[in-house]
Amino acid sequence: MAQDSGLITIIDPIAPASEAYRTLRMNLQFASLDKKLNSLLITSPGPGEGKSTTLANLAVTMAQVDQRVIMVDCDLRRPHLHDVFGLSNDMGLTTMMLEDSALDNPPLQETSIKGLRLLASGALPPRPSDLLGSQRMEKVLQRLLDDADILLLDAPPLLAVTDAVVLSTKVDGVLLVVSAGETRREHVQQGIERLTKVNANILGSVLNNAPLNSALHSYYT
């Protein structure tokens with residue numbers, strides 16, 4: 001069951017914010033016309049900008065159109081997705097990194113949404129960047145793709161640590177979440193520069209916490 005009020009797509013599926021997530025899903029579909037989007041990394045320049053909430057709601061909308069979606073919590077410093085969905089964090093990504101049996105049988109958890117599953121972070125390692133940049137990580141992602149149409153990876157903020165930059169080279173695309181009125185322009189530029197240096201495929205950005213137009217709000221109520 002959803003435990004977090006940030007899951008607007010479940011709590012209020014006709015809200016303007018829910019419609020915005022469905023529009024984001026559609027825009028990503030158009031962005032992948034030439035090359036199928038199998039894996040998507042979602043990050044932000046800094047902390048507290050809504051990347052995990054954005055990922056969770058986007059995942060819900062994808063599963064609602066019969067896609068098999070696996071959310072992968074790659075924030076091995078401050079994992080949050082298991083809290084959003086009220087699930088366990090005892091096993092997950094780090095389990096697959098360390099145990100061959102888990103690679104064969106991934107410790108995926110079902111959510112309340114059909115077709116939507118979570119690979120939690122699992123135990124937090126001492127050097128996350130080394131783990132995420134390893135060849136084993138590539139094997140983990142490939143194994144998960146055997147059971148999914150798309151993987152959504154939640155990564156730490158770009159300017160805090162190198163984890164997201166390392167992961168960006170292993171996915172088909174990157175989505176950058178920024179918070180209206182909070183994210184500094186220079187931080188966005190710095191984040192984009194870091195991704196560009198490793199030739200990451202930046203698909204676009206999501207403006208989070210933008211003011212709601214009152215006319216649009218009245219249309220949906």
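These legends accompany close-up views of a predicted model. Because the model is predicted, local features need pLDDT of at least 70 and side-chain atom pairs count only at pLDDT 80 or more, while totals for chains, interfaces and linings use all residues. Residues are numbered from 1 along each chain as its sequence is written, and side-chain values use heavy atoms, with hydrogens and water left out.

**View 1**
Helix 2 covers residues 16-31; helices (H or I, at least four residues) and strands (E, at least two) are DSSP runs, numbered from the N terminus. Look here for Ser18, Tyr21, Leu24, Arg25 and Leu28, the buried residues of helix 2. They fall within an arc of 110 degrees seen down the helix axis, so they line one face of the helix. That arc is taken from the directions from the helix axis to the C-beta atoms. Buried means under 20% relative accessible area, exposed over 50%, and partly exposed in between (1.4 Å probe, protein chains only). The cover over these buried residues includes helix 1 (8-11), strand 1 (39-43), helix 3 (51-63), strand 6 (173-179) and strand 7 (202-208), where contact means heavy atoms within 4.5 Å.

Arg22 forms a salt bridge with Glu19, and their closest N and O atoms are 3.0 Å apart. A salt bridge here is a side-chain nitrogen of Lys or Arg within 4 Å of a carboxyl oxygen of Asp or Glu. Both partners lie in helix 2, three residues apart, about one turn of the helix. Arg22 counts as partly exposed at 21% relative accessibility, and so does Glu19 at 29%. Thr23 also sits in helix 2 and is partly exposed, with a relative accessible area of 32%.

Asp73 is found in strand 2 (residues 69-73). It is buried yet has no salt bridge: Lys51, the nearest side chain of opposite charge, is 6.2 Å away. For charges, Lys and Arg count as positive and Asp and Glu as negative, while His and the chain ends are not counted. A polar atom of the Asp73 side chain does lie 3.1 Å from the backbone nitrogen of Leu81. Leaving aside residues up to four places away in sequence, Asp73 touches several others, among them Pro79, His80, Leu93, Ser121 and Asp154.

**View 1. Salt bridges elsewhere in the model.**
The count comes to ten salt bridges. Lys51, Asp75 and Asp154 are linked in a network of them. Asp147 pairs with Arg143, with the closest N and O atoms 2.9 Å apart, and Asp147 is partly exposed at 22%. The side chains of Arg184 and Glu186 meet at 2.5 Å, N to O; Arg184 is partly exposed at 48% and Glu186 at 31%.

**View 2. Leu145 in helix 8.**
Leu145 belongs to helix 8 (residues 135-145) and is partly exposed, with a relative accessible area of 23%. Beyond residues up to four places away in sequence, Leu145 touches Asn38 and Leu151. Val69 is 76 residues from Leu145 in sequence, and the two are 9.4 Å apart in space, C-alpha to C-alpha.

Terms used:
A polar contact is a pair of N or O atoms within 3.5 Å; within protein, one must be able to donate a hydrogen and the other to accept it, and residues adjacent in sequence count only if both atoms are side-chain atoms. The expected span of a helix is 1.5 Å times one less than its number of residues.
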